[in-house]
Each structure stands twice: as C-alpha cells, then as structure tokens.
Amino acid sequence: IGLILLLAWVFMRFIWRFEAQLLLGHLTKKRPDETTVQATGKLLRVVAIIIVILSSLPVLGIPVSGIVALSGGSALVVGIGAQHILANYFGGLVIYADRHFKVGDWISSPDKDIEGRVEYIGWRATQIRKFDQKVCYVPNAALSSIIVINSSRMKNRCIQEMIGIRHADAGVLDTVTQEIRNMLQSHPGIDQRRMSLAHFTAFGSASLKINIHAFTKTTDRKTYYDVQQDIFLKIIQIVHQYGAALAAPIYMYPEEVTN
C-alpha cells in the first residue's frame, strides 16, 4: 500500500506542477484558458483519488464488490444529507460545461446583487471581486440557475441619454438635432458600423426631449467614460452655438401647487 500511496503522491504533484506551468504559459506558445486548465486539473485529481482508494481496498483485504453494494445502499442517505453540496458541485460542472463565463470575465446578474470580475471557479462556489474590491463568494448552484450578463464579451458600450432644451428654442430644435447627429457620425470614439441616433422624441413639461443613442468603439470602462464625457461637452457646445439652452427642471412645492 505504501507504493500505491507513493505513486498517488507523485501523480498528484505532477498534476499540480503541470497545471501551474500551463497557467504560466511555459508549455504552449499561446496561454491556455485558465478556467479549462483548472477544471481539468480538478477532474484528474478526483480520478486519482478514486483510483488510489479502489486499488488500496484489495491490499487491505476489503472486497471491492462489498463496498460497491454498501455504497449503493448509502447513496440515497448521503444524497439527502448533502443535497446542497451536490447541487453546488453539479452547478460547478454546468458552469464549466456551458462556458458562459471564465476566470477574468466581468459578470453581473439582474436577479441578484452580483457584479464583478471572476477570480476563481471552485467546486462549491465561485469567487467574484466586486468593483469596490470586496470579494463575493457565490454558490455554484445559485450562479448556474440565474441570469448572468457577461460584460467582457461586449463588442461595444452604449451611450444612451435624454437631454431637454427649452420650449422657447423650438425654432432651432431641428438644426440642433442634425448637428448632434453629424458630431456623432464624425466622432473618432464612436463605432460607425452601429446606428447613431439623435432625435426629438417627446414633449416634456419643461423641455423638448432629444434622445441620443450611440455605441463606442471601446469596451474599456475608463475610455468609455472619456468618450462619453467628450460627447456630452460637445452637445452642450452645439446647443449654445445656436442660442439655445438646456432646460432647467421645475420643482413644484406643495404651497405653490395649492395657490
């Protein structure tokens, strides 16, 4: 049995070292997918443990057939007692199989208050680092049964805003919207393969509403905010260029409404 344990130890060490070298990119020209490497390593270690246990039983004088029969009778009891653990385990397998996200992806969910970068996918839970650098551990059973949005697979980021100009500026409304469209269609940060919109879409109580819709070339959050800020500043310049002004909101206080 000592030889079996020694071989098992050597095999486990080999798996650990091989996995680490793969993740560092030392064995391949192109760095492999971290999630796939980790999943394969875990599976090989489980197989190694099962082989060691089954190989050690005959040496210890324990018949394998008896263990199989006993395990069949106790499987139901273990399954009931550990149903949450098993659910998380199979949830992890679903995550690995579906590949809706991988380590390094930024994900979120409208069903749960979850948003952050995936750092590790374990057997029981997935580790997610949120924007404020707090670490969130989500059970795999829950993560595999909710809607997950993978922002890392975006091709563009969307700029969508509604602005309002004064009712008194209705005479230049068409010119302002046309100039905003021209600006969007010539802006270096906007993806011209996507539709860019700037149209008068609604009458507000204190303003005429212009709906602005465009897609940036970048998906990087900081660059996106830089492009969006530049576009908003240019919109303000266009509005002022034609003698118009952004409408200020009107607050109605209870005593004013009564009077």
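## A guided tour of the predicted model

By class, 4 nonpolar, 3 polar and 5 charged residues make up the lining of the largest pocket. Here Ala, Val, Leu, Ile, Met, Phe, Trp, Tyr, Cys and Pro count as nonpolar, Asp, Glu, Lys and Arg as charged, and the others, Gly among them, as polar. The model is predicted, so local features need pLDDT of at least 70 and side-chain atom pairs count only at pLDDT 80 or more, while totals for chains, interfaces and linings use all residues. Residues are numbered from 1 along each chain as its sequence is written, and side-chain values use heavy atoms, with hydrogens and water left out.

**Stop 1: the pockets**

Select W106, E115, R117, F131, I149, S151, S152, M154, R157, T219, D220 and R221, which line the largest pocket. About 280 Å³ of space lies there. A pocket is an open set of points on a 1 Å grid over the protein atoms alone, where a 1.4 Å probe fits, with protein on both sides within 12 Å along at least five of seven lines; lining residues have an atom within 4 Å of a point. The volume is the space filled by probe spheres set on the points, which are joined across faces, edges and corners.

Next, select V46, I50, Y89 and W123, the lining of the second largest pocket. This pocket holds about 170 Å³ of space. Its lining has 4 nonpolar residues, with no polar and no charged ones.

**Stop 2: a surface patch**

Turn to L6, W9 and V10, which form a nonpolar patch on the surface with about 330 Å² of accessible area together. Such a patch joins nonpolar side chains (Val, Leu, Ile, Met, Phe, Trp, Tyr) within 5 Å, from residues with over 30% relative accessible area and no salt bridge. Areas come from the Shrake-Rupley method with a 1.4 Å probe, and for residues only the protein chains shown count as cover. L6 is located in helix 1 (residues 2–24); helices are DSSP runs (H or I, at least four residues) and strands likewise (E, at least two), numbered from the N terminus. With a relative accessible area of 48%, L6 is partly exposed; buried means under 20%, exposed over 50%, and partly exposed in between (1.4 Å probe, protein chains only).

**Stop 3: salt bridges**

Side chains of opposite charge can pair when their charged atoms come close. The whole structure contains 7 salt bridges, each a side-chain nitrogen of Lys or Arg within 4 Å of a carboxyl oxygen of Asp or Glu.

Select E119 and R129, whose side chains form a salt bridge (2.5 Å, N to O). E119 is in strand 2 (residues 114–121) and R129 in strand 3 (residues 125–129), so the pair ties together parts that are 10 residues apart in sequence. E119 is partly exposed at 29% relative accessibility, and R129 is partly exposed at 25%.

Move on to R166 and D169, a salt bridge with its closest N and O atoms 2.9 Å apart. R166 is partly exposed at 34%, whereas D169 is buried at 6%.

Then show D226 and K222, where the closest N and O atoms are 3.1 Å apart in a salt bridge. Both are in helix 7 (residues 221–241), 4 residues apart, and therefore separated by about one helical turn.

**Stop 4: backbone angles**

Most residues other than glycine have a negative phi. Select R99, not a glycine, with a positive phi of about 55°. R99 sits in the loop between helix 4 (83–98) and strand 1 (106–109). Finally, select Q133, also not a glycine, whose phi is positive at about 75°. Q133 belongs to the loop between strand 3 and strand 4 (135–139), and is exposed at 52% relative accessibility.

Methods
Patches are made of residues with over 30% relative accessible area and no salt bridge: like charges are joined within 9 Å, nonpolar side chains (Val, Leu, Ile, Met, Phe, Trp, Tyr) within 5 Å.
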